[in-house]
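Please look over the structure shown below, with attention to how its parts pack against one another. The report that follows takes up a pair of domains and then a pair of helices.

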Amino acid sequence: MSKKKPLFEFKDIHVEVEGKEVVKGVSLTIMPGETHAIMGPNGSGKSSLSNALMGHPSYEIVKGEAYLDGQNIIEMASDERSRAGLFLAFQYPLAVPGVSVANFLRSALQSHRGKDADMSDYRKLLKSEMAALSVDPAFATRYLNEGFSGGEKKRVEILQMSVLNPKVALLDETDSGLDIDALKTVAEGINRYHNADNGILLVTHYQRLLNYVKPDIVHVMMNGKFVKSGGPELALKLEEKGYEWVENENNNRVGV
Amino acid sequence: MNTKATMIQNSEYTISDISPELMRGPQWLRDLRNKAREDFNQAPLPRRGLHLWRYTDPGKFMYELNDASDTTYGDNYDVVEKIERHHVDEGTLAGLVTDLGGREIKRYGTEALAEKGVIIMPLSEAIEKQHDLVEKYLYQAISSQTGKFEAMNGALWNDGIFVYVPNGQVIEQPLHLLREAGMENSATFPRLLVVVGKNAGLTLVDEYGGGSMDEDKGISFVNGAVEIFGLAESKVRYVSLQRQTSATNSYLTHRAQIEQGASMLTIPLVFGGSLCKQNFGVRLNGAGAHSDIYGLLFGSMRQHFDNHTLHHHAHGSTSSNIDFKVVLKDRAQSAYTGLIRIENGARNCEAYQENRNLLLNPGTKAQTIPELEILNEDVSCSHGATLGSIDQESLFYLQARGIAKNEAVRMIVSGFVTTTLNRVPVDLRERIETFVAQRLEGI
Ligand SMILES: Nc1ncnc2c1ncn2[C@@H]1O[C@H](COP(=O)(O)OP(=O)(O)OP(=O)(O)O)[C@@H](O)[C@H]1O
Ligand SMILES: [Mg+2]
């Protein structure tokens, strides 16, 4: 068996937004086929980290390294990161008036495949992915996220992921705002996408998504740092005991 | 004879006499032309800094107009005429009227409309054949008292178009008016009078093209007036397309009056000219009257635009809505002034106004001035304006999906204009989309 190389790896990432350091040195390695989860209280820096990794201009990586499939992505613009195989499902997807879901995704896929690449399969692909995620076909001609309910937006984020089929998907609270059935559909979508060659880093507040999408490793993020990592049982424990437990445990350790 | 027409800019210009060619027709018309001439001569040039003239020099619309009878027209005219005639043949247009600077007005495919009692003819002809109708409405919405430049048009309009839709007739397909300004050193004074009867319906596309393409050879000057009357329960859609060439100074006043239960949709599409000042106004005269204005302006190079809208609620229980969008690139400038006036006695009115300005690069400049004159309390009114470059979050969203920055900008701008263009008749929309695409090239 050949030794596997990391699929996505970042080291000592520091992120500043509006001159304030909100991510204070986090590191992570995702091997092909792995699913990692980040949990943590509001404002701990989870979205800042995801946005910074995706190249959002307001979230500056002031220190650290990040490699996608061995490629340094730090100097890349966000569209290059996307084409290199990174995907971010947004916590709060924006509306883009006047741009239909179908046209938007066509342009995105065309960018991924190359300017002159054949797109004759696109309609079929979109149709089948929409069906798989129980997205009403009428959404193809609707303007992206405009007037979509919270759950519809999240579904369409996963639809975009399925069509673009990235190497690594960062899913920022894709489960929030979903009803029970939608949660299941979305989780199935994520599992359908997931295979032995790609990786998932998902941010969530709740155990319920993790019941469907099994994480290999769970990281707890507090105040801009990963303070604890463990197996799936960590998520259960957090749900039971709350973040205070991690805090106390860490304080004790430091205090001794 | 080969006297080259010349035009000299002169802020003191007065009209000494109106040419005999224009002084034909009945006495009342000659009287009104003379009155307009006097009003123009007497009215002082609007002072800079005064209402509506803060951003544009009125001297740019003052020209000594010598003989311009050898006016020529650009090649582009034939291309557009062909496209629109094709639409008539295909049946997607109810008819086409071409107007070469008032000198030659032709109709295509309007026979079927004539059978329904719709009257479409040169204004000069209508004055003879539809005398009572024309006398009743002409100069009623725009008079020589409206302003100095409206008086100028009132004295000098050299023919125009008259459209009348009888009570109860609903014309499904658009009627297209193609109005061509002369090239360099020409002055054109188009005029349009539209009367839409009770319970009648009309969609009108009023396209302004032509003009001078080379400032060194001389500019082209256009001063137009559009009067529209929508009688009770009528439905009027009016699209104004400005695509004059790059050395054209254009001044246009549009005034509509709509009666009880009538609705009016006005779509100013503003792309052309070097200096373009336009004023769109709708007066709501009866309960239940509703007016929408959806404007779209896309400026580039060194174009200067100055647009004004007026919603005048003269009657209670009327409603209005404005969404005026502006996109600017290069060193283009735009000023937008939106006035909502609600009369004292006009209770229970609703009026909304929004002006969004998208500035694609730092050299552009936009001004937005909402004005409210609300003379009673029983109204629901709001206005808003935004001004700025492309939203960074939207840009990031598209880029995060792999779309390169310049393409992402093009998509966002196309989206911004699409929500307005969706209201434009489909054939025309395709042409407009081409303008937009051309302007977005190289971004
Ligand atoms: N654009 C921004 N401007 C200013 N401050 C920001 C911005 N984005 C994030 N922050 C700040 O950074 C910190 C981390 O926010 P972030 O959104 O990353 O938290 P989060 O862990 O995703 O929280 P939640 O669970 O509520 O989504 C917070 O203090 C937040 O106020
Ligand atoms: Mg977050």
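## A salt bridge and the domain contact

In this predicted model, the side chains of B:Glu84 and B:Arg431 meet in a salt bridge, with 2.4 Å from N to O. The domain assignment of chain B places domain 1 at residues 2-285 and domain 2 at residues 393-443, and the count of salt bridges between domain 1 of chain B and domain 2 of chain B is 2.

## Extent of the domain interface

Taken over C-alpha atoms, the centres of domain 1 of chain B and domain 2 of chain B are separated by 31 Å, and the contact draws 17 residues from domain 1 of chain B and 11 residues from domain 2 of chain B. Between these two domains of chain B an area of about 1,200 Å² is buried, and carbon and sulfur atoms give 72% of that area. On the side of domain 1 of chain B, the residues B:Ile267, B:Leu269 and B:Phe271 supply 41% of the area buried against domain 2 of chain B, which is more than any other three residues supply.

## Helices α1 and α6 of chain B

Helix α1 (residues 27-42) of chain B and helix α6 (residues 148-156) of chain B have axes that come within 7 Å and cross at roughly 145 degrees, and the crossing of α1(B) and α6(B) is left-handed.

From α1(B), the residues B:Arg33, B:Ala36, B:Arg37, B:Asp39, B:Phe40 and B:Asn41 meet B:Lys148, B:Ala151, B:Met152, B:Gly154, B:Ala155 and B:Leu156 of α6(B).

Terms used:
Residues are numbered from 1 along each chain as its sequence is written. Chains are lettered from A and ligands numbered from 1 in the order in which they are written. This is a predicted model: local features need pLDDT of at least 70, side-chain atom pairs count only at pLDDT 80 or more; totals for chains, interfaces and linings use all residues. Side-chain values use heavy atoms; hydrogens and water are left out. Axes are lines fitted to C-alpha atoms, for helices over the stretch in contact, and angles run from 0 to 180 degrees between N-to-C directions. Helices (H or I, at least four residues) and strands (E, at least two) are DSSP runs, numbered from the N terminus. A crossing is left-handed if the near helix is turned anticlockwise from the far one by less than a right angle, and right-handed if clockwise. Contact means heavy atoms within 4.5 Å. Domain bounds come from an automatic or database domain assignment. Buried area is the accessible area (1.4 Å probe) that two parts lose on being put together, summed over both. A salt bridge is a side-chain nitrogen of Lys or Arg within 4 Å of a carboxyl oxygen of Asp or Glu.
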